[in-house]
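Please study the sequence and the model shown here before reading on.

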Amino acid sequence: MSKLIVGNLKMNLISLLEREGYLKSFKKEIIGKKIKNIQIVLCPPMIHLEAFCKSFGKKVSIGSQNIFWERSGSFTGEISPSMVKNAGAEYTLAGHSERRRYFREDNNEINLKLFSALKVGLKPILCVGENKSAREGGSAVIVSQLENCLEKISGAKIENVIICYEPVWAISSNNPDHFPTADDIMSAKLIIKKFLVKKYGNKNAHKVKIIYGGSVSSLIAKEVCLDPGMDGVLVGRESLVPYEFIKIAEIING
Ligand code: PGA
């Protein structure tokens, strides 16, 4: 199974000039790099989605950072999964902690988003993870997020879902105390795997990629991905620096 490196560009690249500069430097960085065991996914702000889709061949897939669950209609300000798919994207993030926090997205809405993404053939990257206060009792939070967000998602569809373990306390941190250890991440992975095996059976569960997100940089890429046996990473801040992002990809490529 190839590893997945997802770049979440969040609300950055605020002008066309910045976007073009980013794309140019990203393409320059990727040329000739040995990352054949890696699938790269970039999730730009929605306004840049089409330009990103047109910029890359098979080497880089594109995802949206969010979607709505209806196909079309009177939903001012929303973007439907079909629009994202038709623009050429392959993935979408769902349930990112910043959306849960600032836009009060709940598990029920995230479940609807997953459903509608899968229906049009988009692969959702479902983010789950406990916040600081639940750091000790993280397993209950993760299981309840999985239970609710994956409700009625069938065994036939689950292999197209990627699960990202993102402990909220580890996102965009400079403090090494806020980096989970390889053991922390492995325990979370086991909780997720156990849930998937119970709900979908061994065969289907093993097809689901489980990745890690939260302050990933080239300095800790090995500890947070390779050591705990994760299937990839979700990179926020460092994805804005193509040199760093590709360095992470090279480390994970092995
Ligand atoms: P970070 O962001 O790498 O800046 O912590 C990760 C994310 O929120 O997706």
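**Spaces and the ligand**

The largest pocket is lined by 23 residues, and Lys-10, Met-11, Gln-65, Arg-99 and Phe-103 lie nearest its centre. On a 1 Å grid over the protein atoms alone, a pocket is an open set of points with protein on both sides within 12 Å along at least five of seven lines, whereas a cavity is a set of points where a 1.4 Å probe fits but cannot get out; lining residues have an atom within 4 Å of a point. This is a predicted model, in which local features need pLDDT of at least 70 and side-chain atom pairs count only at pLDDT 80 or more, while totals for chains, interfaces and linings use all residues. Residues are numbered from 1 along each chain as its sequence is written, and side-chain values use heavy atoms, with hydrogens and water left out.

The largest pocket holds about 610 Å³ of space. Helix H4 (residues 97-102) gives the largest share of its lining, 3 residues. By class, the lining of the largest pocket has 12 nonpolar, 7 polar and 4 charged residues.

The structure also holds 1 cavity of 30 Å³ or more. The volume of the largest cavity is about 120 Å³. This cavity is lined by 15 residues, of which Gly-214, Ser-215, Val-235, Gly-236 and Arg-237 are the closest to its centre.

What takes up the space of the largest cavity? The ligand does. Around the ligand are 13 residues, the closest being Lys-10, His-96, Ser-172, Ser-215 and Gly-236; a residue is near a molecule if one of its heavy atoms lies within 4 Å of it.

Several polar contacts (pairs of N or O atoms within 3.5 Å) can be located here. An oxygen atom of the ligand lies 2.7 Å from a polar backbone atom of Ser-215. A ligand oxygen atom is also 3.0 Å from a backbone N or O atom of Arg-237, and one is 3.0 Å from an N or O atom in the side chain of Glu-166. The protein covers 100% of the 280 Å² of accessible area that the ligand has on its own, as computed by the Shrake-Rupley method with a 1.4 Å probe.

Note on methods:
Polar contact = N/O pair within 3.5 Å; in protein donor to acceptor, adjacent residues only side chain to side chain. Sits in = over half its atoms within 2 Å of the grid points. Points joined across faces, edges and corners; volume = space filled by probe spheres on them. Helix = DSSP H or I, 4+ residues; strand = E, 2+ residues; numbered from the N terminus. Nonpolar A, V, L, I, M, F, W, Y, C, P; charged D, E, K, R; others polar.
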